[in-house]
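Here is a short briefing to read alongside the structure. Have a look at the model first, and then we will walk through it together, starting with the ligand.

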Amino acid sequence: MLNELNKTEKQDAASAECGRGMLIVVSSPSGGGKGTLIDRVLQTVPGVSYSVSYTTRAPRGAEQDGREYFFVSTVTFEGLIRQGEYLEWADVYGHLYGTSKAQVERERAAGKDIILEIDVQGAASIRELIDDAVSIFILPPSFELLRNRLAARGTDSPTDLERRLRGAPLEVEQYRYFQYVILNDDINRASAQLASVIYAERARRERQEIRLKETLADFASLLES
Ligand code: 5GP
């Protein structure tokens, strides 16, 4: 479900871009292994943080409140929608998930790039909202492997597992709307590729014109004299 974004919100988001950390959206079908990839990048690429979403689903395995997610009730989640706490939110396989606007703002204002590990609906909302967001789709090598990974995780109920597997082809079909696609067939190669995308995006001229304003102005001043 796409958020209803009014024009003012869009303008606020667009004008808030200058000189701040990048917003990096990473999506893949559930069980696509993006969590491991993202953990690698968080450990190896300096200046990147992770957006901890809110969710109404119950914690799985060793998940901790405030680390993987903020686990909240549906009533609390809906209250936060009304308070405008979310940059985007969506119903994913029967549970609600939302990105904290305040957290994203805080990290970006501190000059940090922030990774949003969100589903394809959330990615579409962010594309609408933030023009220069970087979007990356992580593609599992095969449906078979995805099924095995999800089953091996052993944390989903049979109904949840079935739902997620049935949804996977539709999620993969959305790859075409992302700027980058990374095949997750080898964790070392795929995490190196994810890190490379971040480094390359940081070096984009449009971003450097803001970050390196003073250096560029220094040279430009010599042209004037
Ligand atoms: P899981 O329950 O497996 O942790 O996550 C299910 C799906 O919800 C995954 O595709 C995950 O990326 C997505 N998700 C997690 N947090 C958010 C969020 O804040 N917003 C949206 N739209 N999706 C999210």
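The ligand is found in the largest pocket. Please keep in mind that this is a predicted model. Two elements each give two or more residues to the shell around the ligand, namely strand S5 (86–92) and strand S6 (95–100).

**Who surrounds the ligand**

- In total, 18 residues surround the ligand.
- The closest of these are Ser-53, Arg-57, Tyr-69, Glu-88 and Tyr-97.
- If you sort the shell by residue class, you get 7 charged, 6 polar and 5 nonpolar residues.

- Tyr-69 places a polar side-chain atom 2.5 Å from an oxygen atom of the ligand.
- Ser-53 also has a polar side-chain atom by a ligand oxygen, here at 2.6 Å.
- For Lys-34, an N or O atom of the side chain is 3.5 Å from an oxygen atom of the ligand.
- How much of the ligand's accessible area does the protein cover? On its own the ligand has 510 Å² of accessible area, and the protein covers 96% of it.

**A residue to look at between the two strands**

- The loop between S5 and S6 holds Tyr-93.
- Tyr-93 is not a glycine, yet it has a positive phi of about 50°.
- As background, most residues other than glycine have a negative phi.

**The chain as a whole**

- The chain contains 10 helices and 9 strands.
- What radius of gyration does the chain have, and what would a compact globule have? The chain has 19 Å, which agrees with the value near 17 Å for a compact globule, because that is the radius such a globule of 225 residues would have.

To bring the ligand site back into view: the ligand sits in the largest pocket, with Ser-53 and Tyr-69 among the closest residues, and strands S5 and S6 each give two or more residues to its shell.

Conventions: Residues are numbered from 1 along each chain as its sequence is written. This is a predicted model: local features need pLDDT of at least 70, side-chain atom pairs count only at pLDDT 80 or more; totals for chains, interfaces and linings use all residues. Side-chain values use heavy atoms; hydrogens and water are left out. A residue is near a molecule or strand if one of its heavy atoms lies within 4 Å of it. A polar contact is a pair of N or O atoms within 3.5 Å; within protein, one must be able to donate a hydrogen and the other to accept it, and residues adjacent in sequence count only if both atoms are side-chain atoms. Accessible areas come from the Shrake-Rupley method with a 1.4 Å probe; for residues, only the protein chains shown count as cover. On a 1 Å grid over the protein atoms alone, a cavity is a set of points where a 1.4 Å probe fits but cannot get out, and a pocket is an open set with protein on both sides within 12 Å along at least five of seven lines; lining residues have an atom within 4 Å of a point. A molecule sits in a cavity or pocket if more than half of its atoms lie within 2 Å of its grid points. Helices (H or I, at least four residues) and strands (E, at least two) are DSSP runs, numbered from the N terminus. Ala, Val, Leu, Ile, Met, Phe, Trp, Tyr, Cys and Pro count as nonpolar, Asp, Glu, Lys and Arg as charged, and the others, Gly among them, as polar. The radius of gyration is taken over C-alpha atoms; the globule rule is 2.2 Å times the number of residues to the power 0.38.
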